[in-house]
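Have a look at the picture, then follow the questions.

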Amino acid sequence: MTDETVSVIEIRDPALDGEAIALQVCRGVSQRQTEGAYGPDPSALGPESLRPGRVVSVTDATTGFPGLHEALAGLIARGTLHEPAFVSDAPLVGPLIVAVRRFWNWMSTKWYMRPILSQQSDVNARAIRLISELAQWHELDARRLGQLEARVAELEAHLASLEAEAEL
Amino acid sequence: MKVHQIVYGAMAGDAITTHMLEIDARLRAWGLESDMFAHYVAPEMADRVRPDREYAAFFHEPDDLLIYHYGLYALSVRYFQVTQGRRLLIYHNITPAHYFRGWDRKQELLCDVGRRTLSSLSDCDLALGDSDFNRRELVAAGVPAERTGVLPIFLPQENLEAISTDHNLLDRLRGTGAVNFLTVGRVVPNKALQDVIRIFGVYHRAINSRSRLYVVGSRYLPAYDAALDALVADLGLDEAVVFAGRVSDVALKTYYQAADLYLVASHHEGFCVPLLESMYFGVPILARKAAAIPETLGEAGVLFADLGYEQVAEMAHLLVTDDALRDQVIFKQKERLHELRPEQTEAELRRALSRLGLFSSE
């Protein structure tokens, strides 16, 4: 049994003999290798983007805009407007103040403020969507710019070497 | 006092929607008033689930409980942040954004914002993950460990039993006499379908050319879809690999019934409901040892820790052909399913609600 097989297959059921099964797997692989049954390495086939070991960056450094995603998250979280709740710490009259303010708020918001809140929330949602789209384009542009800069540096280095050769 | 639940989308057959409906049923059985909201309400749910904007009427009810199902970034997360009653977060996991990098910018940003927003929800009264894997992500996002817990997804087995079989489809799938590999889920990069296809490709070429791989799940990332199609073509598997797309419950049940092996190579899963469905339908599972998959499987199924395409394909062959091995794996899977039965989840839910003071006598 190879160490490779042991590390690839894991059987946790105590009623099964994991080692014996791994040995069977190993024998099967060896036999088919001998027969030449496997053919080309499957990991070498298919588009480059699906090859094992493809490196993807997990940072947002490519944006050149530190904190962009956090700012966007904050904006989205605050996009919908809500009526405030009234509270009062005043002793005795506090509940009365709250009741009056709630009543006045109800009077004023029901017919006038709520439609405005709704309109503004809608505007906010649309603005957030637009900013999200722009942020995506910005990231793509930042990435393309990085590639172009690298290409220019490469060409400049090549040009310098050609000039050096010409001077010789 | 009322209990409200909010999800992003409510639609029949969706795992999170089913989970919400099952919680709703328990709440009502326990004598609690309960209602449900969603940003997107599918027509078949319109009589049970309300548009989430209507939840605004309950912002100022300090005795109410809001259960927020978080598995996708949505503006309704703001409702959870501002509501004045008790707040229970159920975290279904959001895929790390880097899996979408290079494939789909919008999904990448949505996931990125979604995961970053998680930390702003950490002051909730209680946060539950579908799995301990998800619970640990909650802790990493800043939720104090003592305010976290685990509530597995409800899988109501009577619902699966009640679904009929598409006999025409079953005949088509079974009639060829081919060995059928199955994988279920959205066609997205974190599920590493390229590895599923490559493992199957090795099996098909070297072990059994009378075999099919059925990939059941919605395709909505054109770049990733095109790359997978190109891989299938390069491996010469055009006739053997079938992308079935999103299918009805009836068709899904039929695919499980016709399957000889369930193969999953995901790098990131918060729970993986198809594993439970495979257990229920008696399909042996061969799964990558990653994220929450080992936890959901427990001692059941067979894991592969790395690739190894030849070894994994050979293991698949054993699971298909060795009757004693296959029977024991299926038996163990049934045992695991029993451990995750709805009664257990119901007890966990009851305990969680007790922690929030809903059942003061417990």
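Q: At what angle do helix H2 of chain A and helix H12 of chain B pack?
A: In this predicted model, H2 (residues 18-35) of chain A and H12 (residues 309-321) of chain B pack at an angle of about 115°. Their axes are 9 Å apart.

Q: Why is H2(A) called roughly perpendicular to H12(B)?
A: Angles of 65 to 115 degrees count as roughly perpendicular. The angle here is about 115°, so H2(A) is roughly perpendicular to H12(B).

Q: What is the handedness of the crossing of H2(A) and H12(B)?
A: The crossing is right-handed.

Q: What makes the contact of H2(A) with H12(B)?
A: Residues count as in contact if their C-beta atoms lie within 7 Å. From H2(A) come A:Ile21, A:Gln24, A:Val25, A:Gly28 and A:Val29. H12(B) brings B:Glu310, B:Gln311, B:Glu314, B:Met315, B:His317 and B:Leu318. Sorted by class, the contact has five nonpolar, four polar and two charged residues.

Q: Which domains does the assignment give for chain B?
A: Domain 1 covers 2-155 + 341-355, and domain 2 covers 158-339. Over C-alpha atoms, 28 Å separate their centres.

Q: What makes up the contact of domain 1 with domain 2 in chain B?
A: The contact takes 20 residues from domain 1 and 17 residues from domain 2. On the domain 1 side, helix H4 (residues 132-140) of chain B gives the largest share, three residues. By class, that side has eight nonpolar, eight polar and four charged residues.

Key
Residues numbered from 1 in each chain as written. Chains lettered and ligands numbered in written order. Predicted model: local features only at pLDDT ≥ 70, side-chain atom pairs only at ≥ 80, totals over all residues. Axes fitted to C-alpha atoms, helices over the stretch in contact; angles between N-to-C directions. Helix = DSSP H or I, 4+ residues; strand = E, 2+ residues; numbered from the N terminus. Parallel < 35°, antiparallel > 145°, perpendicular 65-115°, else oblique. Left-handed = near helix turned anticlockwise from the far one by under 90°. Contact = placed C-beta atoms within 7 Å. Nonpolar A, V, L, I, M, F, W, Y, C, P; charged D, E, K, R; others polar. Domains from an automatic or database assignment.
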